[in-house]
Amino acid sequence: MELRQLRYFIAVCTAGSVAGAAKVLHIAQPALSRQMAALEDEFGARLLVRLPRGVALTRAGEALLVHARLLLAGTASLRAQVGLAAKGKAGSLRVGIIPGYGWLPALGHAIAELSRESPDASVMVKSGLSAWQLEAVKRHELDAGIVAWRSPLDAEVEGVKVYEDRMVLAMPAATARGLGKIRALGDLAGQKFILFPRQDSPSHYDALARILKAANIPTGQPGTAAAADIPTIIGLVSAGLGCTIVPSSYKYHCPAGVVLKEVGGLDLKFDLELVWRADSRDPLLHSFVGMLPASQGMLR
């Protein structure tokens, strides 16, 4: 059975005769009669009763007419959805985000614009560290990700900067009160610093390690806590387990027991990028990237 045969069948039912339907369809009447006979053979049931003038539907024919109309309507809807998806107007986009950065203005703006321009499209946002996101993008498990400290030598992905932050010192409020005025990192030489495992973000870790070393602050001291993401590290600082270096934007959701300070010797930026596979030709992703405020990176 072909969809074309169902269209022919509906035309015969609508016209009330094979001859009338043949005129509407612009095909020969004998050819249309053969298609109706083939359809009856396919179902193993008589669908039409041939009358002196026109045709009448059997019970089987009535049942087929109802379902044929539903099927063809569904086919038309399917064709429309495929067309929208091919134009980047429909589908589900999977976007990663570093924990604690769901508030990014660029992300919210792009999602809102995509929803307005393409009501049949949706965005699923998944939280994860940069290293995981980059691997997920490469494995096609994410369509894009908002990451930090991406290596410029990684040719498998490309991206565009969506936010620029700067790093500041985070310390327990009790430590801040005890030390008094702190002008530079070197003033914290006796304090423990909480970092994250180097494998989670080698570039980020190495940049922080260099700054701490220049201030005579050793990393990896015995008894020092570690955590995989910034929100957890901030929690450990709040618990009084040590100091750390975080993006200044964490002042918007920092616990009361943590003090953020700009100090000398900490001249380090924290750029976030939306990244995607360099070989991606996804039209929905192309639309999303184009909706980023003042975006400079575009899919080719």
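**Disulfides and cysteines**

I looked for disulfides (pairs of cysteine sulfur atoms within 2.5 Å) and the structure holds 0. A caution to myself: this is a predicted model, where local features need pLDDT of at least 70, side-chain atom pairs count only at pLDDT 80 or more, and totals for chains, interfaces and linings use all residues. Residues are numbered from 1 along each chain as its sequence is written, and side-chain values use heavy atoms, with hydrogens and water left out.

I then checked accessibility, where buried means under 20% relative accessible area, exposed means over 50% and partly exposed is in between (1.4 Å probe, protein chains only). Cys13 comes out at 19%, so I put it down as buried. Cys254 has 22%, so that one is partly exposed.

Next I went to the helices, which are DSSP runs (H or I, at least four residues; strands are E, at least two) numbered from the N terminus. I noted that two packed helices are described by the angle between their axes and the distance between the axes. Axes here are lines fitted to C-alpha atoms, for helices over the stretch in contact, and angles run from 0 to 180 degrees between N-to-C directions.

For H1 (residues 3–15) and H2 (residues 18–25), I get axes that come within 8 Å and cross at roughly 120 degrees. That makes H1 oblique to H2; under 35 degrees is roughly parallel, over 145 roughly antiparallel, 65 to 115 roughly perpendicular, and the rest oblique. Tyr8, Ala11, Val12 and Ala15 of H1 make the contact (heavy atoms within 4.5 Å) with Val18, Gly20, Ala21 and Leu25 of H2. By class I have 7 nonpolar, 1 polar and no charged residues there. For the classes, Ala, Val, Leu, Ile, Met, Phe, Trp, Tyr, Cys and Pro count as nonpolar, Asp, Glu, Lys and Arg as charged, and the others, Gly among them, as polar.

I stopped at Ala15, which sits in H1. At 40% relative accessibility, Ala15 is partly exposed. Leaving out residues up to four places away in sequence, Ala15 touches Gly20 and Ala21. I also logged Val55, 40 residues from Ala15 in sequence and 9.3 Å from it in space, C-alpha to C-alpha.

**H5 against H10**

Last, I looked up H5 (residues 105–117) and H10 (residues 283–290): their axes come within 8 Å and cross at roughly 125 degrees. That makes H5 oblique to H10. Leu107, Ala110, Ile111 and Leu114 of H5 meet Leu284, Ser287 and Phe288 of H10. I sorted these residues into 6 nonpolar, 1 polar and no charged.
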